[in-house]
Amino acid sequence: MDIRLPPVITTGAWQQKLEIMPDDSIKKRTYDAIVIGSGASGGWAAKELCEKGLKTLVLERGRNVEHIKDYPTASKAPWEFDHRGTVSVEQRKDYQGARFLREETLHWALKDDEQPFIQEKPFRWVRGYHVGGKSLLWARQTQRWSDYDFEGPLRDGFAVDWPIRYKDLEPWYSYVEKFAGIAGNKDGLAELPDSEVMPGFEMSCVELYFKESLEKNFPGRHLIQARCAHITDPQPIHLEQGRNKCQNQTMCNRGCVFGGYFSSNASTIPWARKSGNLTIRPFAIVHSVIYDETKSKASGVRIIDGETKEMIEFYARVIYINASALNSNAILLNSTSGRFPNGLGNDSGLLGKYIAWHNYRGKGSAQFEGLKDKRTDGRNPSNAYIPRFRNVFKQETDFLRGYAIGIGGGRNASSNTDLIGDELRESLLQPQLGNWHIASWMMGESVPEEKNHVRLHKDLKDKYGIPQLIVSCDWSENDDKMVADYVEQSKLMFEKAGFINIKAEDTKSPPGADIHEMGGARMGNDPKTSLLNKWNQLHLCKNVFVTDGACMTSTGTQNPTLTYMAITARAANHAVEELRRGEL
Ligand SMILES: Cc1cc2nc3c(=O)[nH]c(=O)nc-3n(C[C@H](O)[C@H](O)[C@H](O)COP(=O)(O)OP(=O)(O)OC[C@H]3O[C@@H](n4cnc5c(N)ncnc54)[C@H](O)[C@@H]3O)c2cc1C
């Protein structure tokens, strides 16, 4: 196969010097480190490795997205959109599998033909394929894990024991939080360790009212302001990144020109670029990792060029796989060699197994007739949060683990737009304030099971010639019982608060709808039962690190990305130390 180097996006002087070397030079395709994926976790790997002096190549399957310049709808008013935000039937036809399809964010949506996959059972797979990955799409909720999460598998007898504990990650949580910027409060809860925070967004009065009711009627259940990756009090480190205070626009998912929330594009990638050590190559769809049997380690990565469809090889001493959980599994499974016929590092046969996710099936709502002298004005980019209260300190239900609950409450003026003529005009001119409303959503921990897995199809390939991924994941009885408990407890908590029009239900959404897929290459102490060691290195191929959701041994209830970022920063610094000691 013809292997040549097409143009790369380069920002380092070092790389520019190499541009004049012959096209077919292997040296030109050799770096100290390669990072696969530029999303939330890959951005951190790039930042840490570049900052520590490693010439780092980031391979990204999607297009390039420059902070500010490539946010085409960021400051558009509703009337500036052709269809006021709705995506037309004509435009929709290429995105049948997409969720959250809106005109404001259509530039991030993934066309169906980009990466077809096989749902052996119904599964929603939300992806963001561009520089920045899903860090441009996320809801920015960030909670730390506690030892009640890390010790869960050992205590409750599922999965395998995590090889790390909270103390291993604590300094890295702080490190990541200070750089990213987290808004929230110090709540002093053992089950949800405090973050390094800037002032939190205000809670609405119905949320505060509900908080009081919970504390009175349900000791041990707390309603707190959710912690989120928004800058509310910019520190020098944020200004140095070129980021500023969140303006509460709540148009975050279009891309934020203020850099008010954390994304790779606003934060880690430009920081890595400043070092002069970063090269980003968009349209580089990673096919597999190359294993050198003579050296018993990985020597590089094969990509398919998204535009020319050529296969090209890049080489490095250290490889970080951060393609998002299911893609990282796919890359490892496709990385076959004489030594590893079933996928890189997969002697145990466990690669791709024990996939887990979050259980967001439960939804609830209610209204409150009190507090009529108050209303909400302005916008809140975050929400309130009830940390997990089930089975934290002891086992108290007939299901394992538990769930956190997101809470959002407000009272906004609204008009009836179903009217016509004078009635419509009157309704628009005199918007009515109704009752306070409150919404609740469940965030449950799914227990990883071996049967929930991904594997590669033997024959079907995508348009790049890469085997299609089969996703085979289903809910368990434990998940069903947990949803039933959420429904019952939500109703109870709402009733005790005196709310009316109470609803709580099992939406029966399929796995994956929570967008927090994890596992498949879990961390553990024993190579027979896990793929990665406590530093996220493949047990059997130490210069390959996996630090996105694929590494998660269990799922916790917390939104996971903060933990991926902390794990990534920790593992990247470990790699640098091992390189310095000549151990990699
Ligand atoms: C609507 C929404 C709301 C969310 N809200 C939250 C939240 O509030 N809190 C939270 O913690 N998490 C949230 N998430 C999840 C969060 O976005 C992810 O956990 C996080 O982005 C994962 O980081 P990552 O680096 O693993 O993957 P990503 O950010 O998805 O980045 C992966 C990158 O790898 C690239 N890639 C994939 N395959 C290949 C390949 N073969 N070759 C080269 N590159 C490849 C992709 O293009 C992408 O850029 C949300 C997600 C969505 C969609």
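Begin by selecting G53, which follows directly after α2 and has a positive phi of about 95 degrees. The model is a predicted one, in which local features require pLDDT of at least 70 and side-chain atom pairs pLDDT 80 or more, whereas totals for chains, interfaces and linings use all residues. Residue numbers run from 1 along each chain as its sequence is written, and side-chain values rest on heavy atoms, with hydrogens and water left out.

Next, step back to α2 itself. Helices here are DSSP runs of H or I with at least four residues, strands are runs of E with at least two, and both are numbered from the N terminus. The twelve residues of α2 reach 17 Å from first C-alpha to last, close to the 16 Å expected at 1.5 Å a residue; the expected span is 1.5 Å times one less than the number of residues. Eleven of the twelve residues of α2 are buried, so the helix is largely enclosed by the rest of the structure. Among them are W44, K47, E48 and C50.

Select the ligand and the 38 residues around it, of which S41, E60, A139, V286 and T561 come nearest; a residue belongs here if one of its heavy atoms lies within 4 Å. This shell divides into 17 nonpolar, 16 polar and five charged residues. At least two shell residues come from each of α2 (40-51), β7 (284-292), α10 (325-334) and α13 (561-580).

Now display the polar contacts, meaning pairs of N or O atoms within 3.5 Å. Polar side-chain atoms lie 2.7 Å from a ligand oxygen in S41 and 3.0 Å from a ligand oxygen in K134. In N559, a side-chain N or O atom is 3.3 Å from a nitrogen atom of the ligand. The protein covers 95% of the 990 Å² of accessible area that the ligand has on its own, with areas taken from the Shrake-Rupley method and a 1.4 Å probe.

Finally, select the cysteines. How many disulfides does the structure hold? The count is zero, with a disulfide taken as two cysteine sulfur atoms within 2.5 Å. C228 is buried at 0% relative accessibility, and its sulfur is 7.6 Å from the closest cysteine sulfur, in C246, too far for a bond. C541 is likewise buried, at 1%; its closest cysteine sulfur, in C551, is 17 Å away, also too far for a bond.

Technical notes. A polar contact is a pair of N or O atoms within 3.5 Å; within protein, one must be able to donate a hydrogen and the other to accept it, and residues adjacent in sequence count only if both atoms are side-chain atoms. Ala, Val, Leu, Ile, Met, Phe, Trp, Tyr, Cys and Pro count as nonpolar, Asp, Glu, Lys and Arg as charged, and the others, Gly among them, as polar. Buried means under 20% relative accessible area, exposed over 50%, partly exposed in between (1.4 Å probe, protein chains only).
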